[in-house]
Structure formats: structure tokens, C-alpha cells
Amino acid sequence: MNLSMKGFPRKMTAAILVLLMMLSYFPAYPAKAASLGTVTFTSAAGISGSTVTAGQGGSTAIPGMTLQIISDDEYQWTYEKPYSRFAIAAGYADSLSASLMTIKSSNPATNFDFQSFYVADSGGGPITVTGYDNGISTGSVNLDTTQNDYENTFSQSNGLTASIFQNVDEIRITPQNGDMWIALNDIQIGTPIPVAPSITAQPVNSTIAAGGNTTFSVSAANATGYQWQVDQGAGFTSISNGAPYSGATTATLTITGATAGMNGYLYRVVATGAGNPAAVSNNAVLTVNSPPSITSQPSSSTIAAGANTT
């Protein structure tokens, strides 16, 4: 194939443009959290008492945080080989409602992404793993630890729901069978992924008289900002503070002195936070009732005594 020096750059330019167009067509997938490290216990050094810290037992500390693994019952940690490999283990002999083990940051302000862990189970029952952030549950999953000869590694692609565990400061493991004995290892921790906001309480419709006042309110989780919008019949637009509106960028929009012309307006809020996407509430309808008005005045009437009139 014979290419001239003039034709070659032109053809190459066209090819590059086509390639760029193809790449821009395909959406970018969200990046997974980077791994901060895996806590793998390889010896009994420092393994004692009810609290073990990442960095003990031959493990590597997690950068930027102190990760603690706590036995919440009467038993203390030991380093042993329950089945095919060594791990730190603790027994359990209490009610099923209590947590057996807690994996947590010593500083509640330091969150992490709980990515995976190895668990060996001797007790014949599943476990419940629950995430927490500032003492509030982010959700939980039930894991069947009786499979694979009681040795399993659970990850966010195998049992751990990413949206529950990607931004927590504490993990609690609760047995679903009495007298369980559990061993842990290979606790993988990543940088936390901000959780997208969600609407937890929707705004409700409001009916007022012309000239009256009303509010529309919303509750949202993981939200740091709000923007109220109005649809006057041609689509939603953002509201700015100024009569009759106030609180346009808060969780509560206040309308003062509504006019009859605002009857039928739709209102919603867009909640934003550290995570994407933003959350959009349901629409709420404003009904403004106009006061009665005389449209036809009565006319004077003159009649004879005893006659009728209207």
C-alpha cells in the first residue's frame, strides 16, 4: 500500500477522530475503592485479651487508622488452626441477639470500606454481618458459613453488599446459632466510598387559601445540600429565595402569601451529597383556593304591595 506523505496525516487524523468518538460513546464505569491493606495474622505475637489491633499477630497495620478486632463475649482471642489454615479465634456462649465480634475503627470519624474477610465456623449456623456508621446501621447480610467445609472468604462480589459496607466505621458479626466458635483472617480494608443521598420522607401536597402561607418539607439521608424546584406548567426550574419563597436551599421550602395564580404548581427538591447520584423527591402539588367573589350584582326592584320579585 503506497501512502503519500500528504495523504497519510489526513487519514490518520480521521482515524483518531473516529476512535475518540467511539471512546466517548461508552460510559465510564465507577471506580472501586482502593485497598488500604489486608490484615493477615501469621503468628500468635500480641494475640491476647479481647481486643486485637491490626499490626499484631504478624499482620500489617492499616495506614491512617487503628483497626480493632474485638471479641464481644466472655472469650479471649487465640491464634490457632481450625481447619486448613491459621486464624484468630474466639468462642461464643451467649444469646443469639448479641454481637460475637466487632471490627471497628478506633476513631468513629475514620470510615473504611469493608471489602472482604475469611471466616472459619464451628457451630453449624449462619452469621449476620451488619455495618454501622456513627452508631446507625447501614444494613446487614446473612452469610452461610456452613458451606465449603466451614471455611469461606466473603467479599463484595460474594455475599457482602457493597452499598452496605463501603462507608462504615464498624462491623458487627452476630451468630444465628448458639455455642458458635468463629475464626477470622484476611480482613481487607479499603478507602471509604461516599454514599449517595436518598429521600427518606417525601414532601406532601398542600391546600391553602389565596394569601395564605405553607411549607414543603423533605428528609434525606447522606444529604449535604438541597435545591427546591417549581413547575409552573412548562417544566421544573430552580427556585431562588425572594417573595414568595424562602428556604429554597434547605430541607423546608416556605411559601408566604401564595397567590391564586400559583394554584396547581408542582414542587420537588434535589438533594445532593458527597456521593452520586443526587436524589430527587416526588412532586408535591400546591392547591390555592380563591375566596368567593360577586360576579353579578343584584338589581333594584319595584313592585306593588303583595307582589313577588327576585
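Start with D169, which sits in the loop between α2 (162-165) and β11 (170-175); helices (H or I, at least four residues) and strands (E, at least two) are DSSP runs, numbered from the N terminus. Before going on: this is a predicted model, where local features need pLDDT of at least 70 and side-chain atom pairs count only at pLDDT 80 or more, while totals for chains, interfaces and linings use all residues. Residues are numbered from 1 along each chain as its sequence is written, and side-chain values use heavy atoms, with hydrogens and water left out.

Is D169 buried or exposed? D169 is buried, meaning under 20% relative accessible area with a 1.4 Å probe, protein chains only. What the D169 side chain does reach is the backbone nitrogen of N134, at 2.9 Å.

Next, A248, in the loop between β19 (245-246) and β20 (252-255). A248 is buried, with a relative accessible area of 1%. A248 and W228 are 20 residues apart in sequence, yet 5.3 Å apart in space, C-alpha to C-alpha.

Last, the cores. A nonpolar core is a set of buried Ala, Val, Leu, Ile, Met, Phe, Trp, Tyr and Cys residues joined through side-chain atoms within 4.5 Å. The largest has 36 residues, and strand β12 (residues 181-190) gives the most to it, with four residues. A second, separate core of 22 residues includes I208 and V269.

Terms used:
Buried means under 20% relative accessible area, exposed over 50%, partly exposed in between (1.4 Å probe, protein chains only). Lys and Arg count as positive and Asp and Glu as negative; His and the chain ends are not counted. A salt bridge is a side-chain nitrogen of Lys or Arg within 4 Å of a carboxyl oxygen of Asp or Glu. A polar contact is a pair of N or O atoms within 3.5 Å; within protein, one must be able to donate a hydrogen and the other to accept it, and residues adjacent in sequence count only if both atoms are side-chain atoms.
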